[in-house]
Amino acid sequence: MAEFESNSYDTAVEISKKIEADIALNPAKYRVLTGDRPTGRLHIGHYFGSLQNRVRLSKLGVPTMILIADYQVLTDHDAYQEISQNTKQLVIDYLAAGIEPGENVLIYPHSYVPEANQLMVPFLTLVSNAELSRNPTVKEEIQAAGLKSVNAGMYTYPVHQAVDILFCKGNVVPVGKDQLPHLEMTRLIARRFNEKFCKNGNPVFPEPHALLSKTPSIMGLDGTQKMSKSRGNAIMLSATEDETAALIKKAKTDADRHITYDPENRPEVANLLMLIALCTGDAPQTIAERIGDGGGGMLKKMLTEALNEELRPLRERRRQLETQPDYIRQVLLDGSQRAREIAARTLDEVRTAMNMCI
Ligand code: TRP
């Protein structure tokens, strides 16, 4: 993929489109690496924004690594007590959504892959303090967490994210826009490593690219901010049908009874229409016309029905998986084992390149 060069959002979008067109034709050329922090259960924003996409990619036959970023939780959360619990809940959400772990699809916590974590030390020597402190996503997270004193893990986790991606030579990373600075750092580290240590012309690492989600960003039920558990505007995948109905009932709409799809002027109504569209596959404009003067009440009723129907099989599988803790643990152990084998091979190559073999 050397023909692609990414240095701006627009370029990232262009490259993303090219990869999308090629990946179905040549799935074996790619290795997808994605990850989540285990800070809680997943909600419908994750489902439409990333989970469905992961399921689709893995079903195309693209090797898919799904990493649970448990170390990253320590950078801005004090609550480490829940990490193990949250990790298992994430696995349940993945499996319920249709991810099928196996030879080509691995799920594992990054703390369980010591051979990969070892890459952190040489990687840290390839970036400067100035580069670390310029990262806009890190700056925003520091602000959002209201941290008085910022630990060094916070500034360096993007380097650890490069470890996550590069240890398995991942070359496609499905992410949202906020993760682009981290991907840029990963590319930089890969390039610098190859330039510095691989003078024989055999680069160890690929320069990975983002695969940007085609789904528009899902707003919370308040209609103005991104959906997130911490903002209290989310519908969790694990919610019951009644809880879902109650949450949607409280969703914000506006005073105009005539429903139209107008994201600019009526963001709350547009978001609910978009969610129905994601469930039914109809265009949001068509749905708006169908509701017409039916008002917010009918809009919410339609969304409740569409969403509960869409999620019914997932929630059923979720309930079953909740009763199989040994299986969930085994998925993580198998994923970790395979990830370690991959990491050990890369670490060997890295040692050889750095002239550290004994
Ligand atoms: N930083 C990501 C987030 O907060 C999680 C993550 C960790 C990740 N390592 C990754 C995402 C590697 C993609 C690739 O959501």
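This is a predicted model: local features need pLDDT of at least 70, side-chain atom pairs count only at pLDDT 80 or more; totals for chains, interfaces and linings use all residues.
Residues are numbered from 1 along each chain as its sequence is written, and side-chain values use heavy atoms, with hydrogens and water left out.

Let me start with the ligand. The residues around it are Leu33, Gly35, Arg37, Leu67, Ala69, Gln72, Gln161, Asp164, Ile165, Val173 and Gln179, where a residue is taken as near if one of its heavy atoms lies within 4 Å of the molecule. By type, this shell holds five nonpolar, four polar and two charged residues; here Ala, Val, Leu, Ile, Met, Phe, Trp, Tyr, Cys and Pro count as nonpolar, Asp, Glu, Lys and Arg as charged, and the others, Gly among them, as polar.

Which side chains place a polar atom by a nitrogen atom of the ligand? For Asp164 the distance is 2.7 Å, for Gln72 it is 2.9 Å, and for Gln161 it is 3.0 Å; a polar contact here is a pair of N or O atoms within 3.5 Å. The ligand exposes 370 Å² when taken alone, and the protein buries 89% of that, the areas coming from the Shrake-Rupley method with a 1.4 Å probe. Two elements give two or more residues to the shell, namely strand S1 (32-36) and helix H9 (152-166), and H9 supplies the largest share, three residues. Helices (H or I, at least four residues) and strands (E, at least two) are DSSP runs, numbered from the N terminus.

Staying with H9, I turn to Met154, which belongs to that helix. Met154 is buried, at a relative accessible area of 0%; the word buried means under 20%, exposed means over 50%, and partly exposed is what lies in between, with a 1.4 Å probe and protein chains only. Beyond its neighbours within four places in sequence, Met154 is in contact with Thr75, Asp76, Val138, Glu141 and Ile142, contact meaning heavy atoms within 4.5 Å. Glu141 is 13 residues from Met154 in sequence, and their C-alpha atoms are 8.9 Å apart.

In helix H8 (residues 136-145) we find Thr137, which counts as buried because its relative accessibility is 7%. Leaving out residues up to four places away in sequence, Thr137 touches Tyr157, Asp178, Pro181 and His182.

Next comes helix H13 (residues 284-291), in which Pro284, Ile287, Ala288 and Ile291 are buried. These residues lie on the same side of H13 because they cover an arc of only 100° around the axis, the arc being that of the directions from the helix axis to the C-beta atoms. Their cover includes helix H12 (267-280) and helix H14 (295-322). After H13 comes Gly292, with a positive phi near 50°.

Finally, a word on backbone angles. Most residues other than glycine have a negative phi. Lys169, although not a glycine, has a positive phi of about 55°; Lys169 sits in the loop between H9 and strand S4 (172-175) and is partly exposed, at 27%. Asn355, also not a glycine, has a positive phi of about 60°; Asn355 is in the segment after helix H15 (325-353) and is exposed, at 71%.

Notes. A polar contact is a pair of N or O atoms within 3.5 Å; within protein, one must be able to donate a hydrogen and the other to accept it, and residues adjacent in sequence count only if both atoms are side-chain atoms.
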